[in-house]
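Student: Could you take a close look at one part of this model with me? I'd like to go through the salt bridges.

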Amino acid sequence: MTTVLSTPTAASVREAIAALREWQHDEAPMQLHPGDIGWNHRFGTAETVAVVRTWSRDGRILAVGMLDSPTLVRMTLAPDAFQDEDLARRLVEDFSLPERGVLPEGAVSIEAPQGLLLHDLLTKEGWGVDEPWTPLFRDFAEAVADPGVRIKAIGPEQAQDFADVLRSAFDTQRPTREYRHKMSAGPFYADARCLGAYDDQGNPAAVVTVWSAGPGKPGLVEPMGVHADHRGRGYGRAITVAGAAALREMGSSSVRVCTPSSNVGGVATYKAAGFAARPGIADRIRTV
């Protein structure tokens with residue numbers, strides 16, 4: 001049967017999200033999560049739909065990808081398709097040929113979970129590996145401790161706090177009040193919680209958004225940031241713990257996050273919040 005590559009419509013993108021939710025489980029490797037698409041919704045509905053790709057066979061979605069940038073696709077497969085040779089070969093073709101509408105010519109990257117036959121084929125085609133990232137996981141077998149600082153929900157009224165912390169945390173001017181408004185207007189925000197940690201003067205010190213994939217499924221941290229004026233005071237650990245507690249209350253079985261291995265401070269923060277690091281992973285890259 002033929003594998004069909006598609007860009008979903010605003011209506012059918014829900015099918016891609018449903019597939020992603022189904023594929024999440026605690027033993028799965030780090031992979032594209034419904035929350036990744038939910039977070040992308042900060043750019044708007046049309047913009048988010050335009051960067052989603054699906055690969056289907058006989059009407060069933062077998063792979064979902066999201067263009068995190070014009071040169072980076074993040075993707076995953078149905079668990080029973082990890083070693084599907086026909087699908088893997090089709091993916092290599094689609095990633096290699098610009099006319100397929102996934103990646104352009106030149107230097108590009110693919111984020112794909114470990115264990116895919118795709119990786120073997122990419123290696124044969126000369127694709128390399130990029131800098132390592134560290135996946136971190138925390139299960140919810142036990143209750144999550146109190147974070148120890150003032151935590152409150154980040155609603156529309158706190159949109160500026162959300163933007164201010166992210167701009168400072170990531171040293172960028174991109175986040176605006178509209179990020180929070182558009183993200184919450186998306187069809188997937190019902191599965192999310194956005195929280196802020198505040199200091200004794202009521203200033204926003206850290207923010208986190210966490211995304212559920214449904215009861216009994218692992219949740220995702222995306223994003224978490226600490227304002228530069230409040231670093232080194234435990235706010236990163238506290239807001240991450242608060243986010244984990246929110247996911248546990250929503251029925252998530254665990255929580256996961258991935259950060260560059262070079263971000264030593266970030267890795268240490270997640271470990272302090274009860275996360276355990278797993279072996280490093282890396283994007284696949286084509287440099288020419």
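Predicted model: local features only at pLDDT ≥ 70, side-chain atom pairs only at ≥ 80, totals over all residues.

**A close look at the salt bridges**

Tutor: Just after helix H9, Gly274 takes a positive phi of about 95°, but let's move to the charged pairs. The structure holds 11 salt bridges. In general, side chains of opposite charge can pair when their charged atoms come close.

Start with Arg60 and Asp80, which form a salt bridge whose closest N and O atoms are 3.0 Å apart. This pair links distant parts of the chain, 20 residues apart: Arg60 belongs to strand E3 (residues 60–69), while Asp80 lies in the loop between strand E4 (72–77) and helix H4 (85–96). As for accessibility, Arg60 is partly exposed, with a relative accessible area of 39%. Asp80 has 57% relative accessibility, so it counts as exposed, the cut-off being over 50%.

Next comes Arg100, which shows up in two bridges. One is with Glu93, where the closest N and O atoms are 3.5 Å apart. The other is with Asp94, and there the closest N and O atoms are 2.4 Å apart. Arg100 itself is partly exposed at 31% relative accessible area, and Glu93 is partly exposed too, at 40%. Asp94 has 0% relative accessibility, so it counts as buried, which takes a value under 20%.

Finally, there's a network of salt bridges that links Asp36, Asp68, Arg74 and Glu111.

Key. Residues numbered from 1 in each chain as written. Heavy atoms only, no water. Helix = DSSP H or I, 4+ residues; strand = E, 2+ residues; numbered from the N terminus. Salt bridge = Lys/Arg side-chain N within 4 Å of Asp/Glu carboxyl O. Buried < 20%, exposed > 50% of the residue type's maximum accessible area, 1.4 Å probe, protein only.
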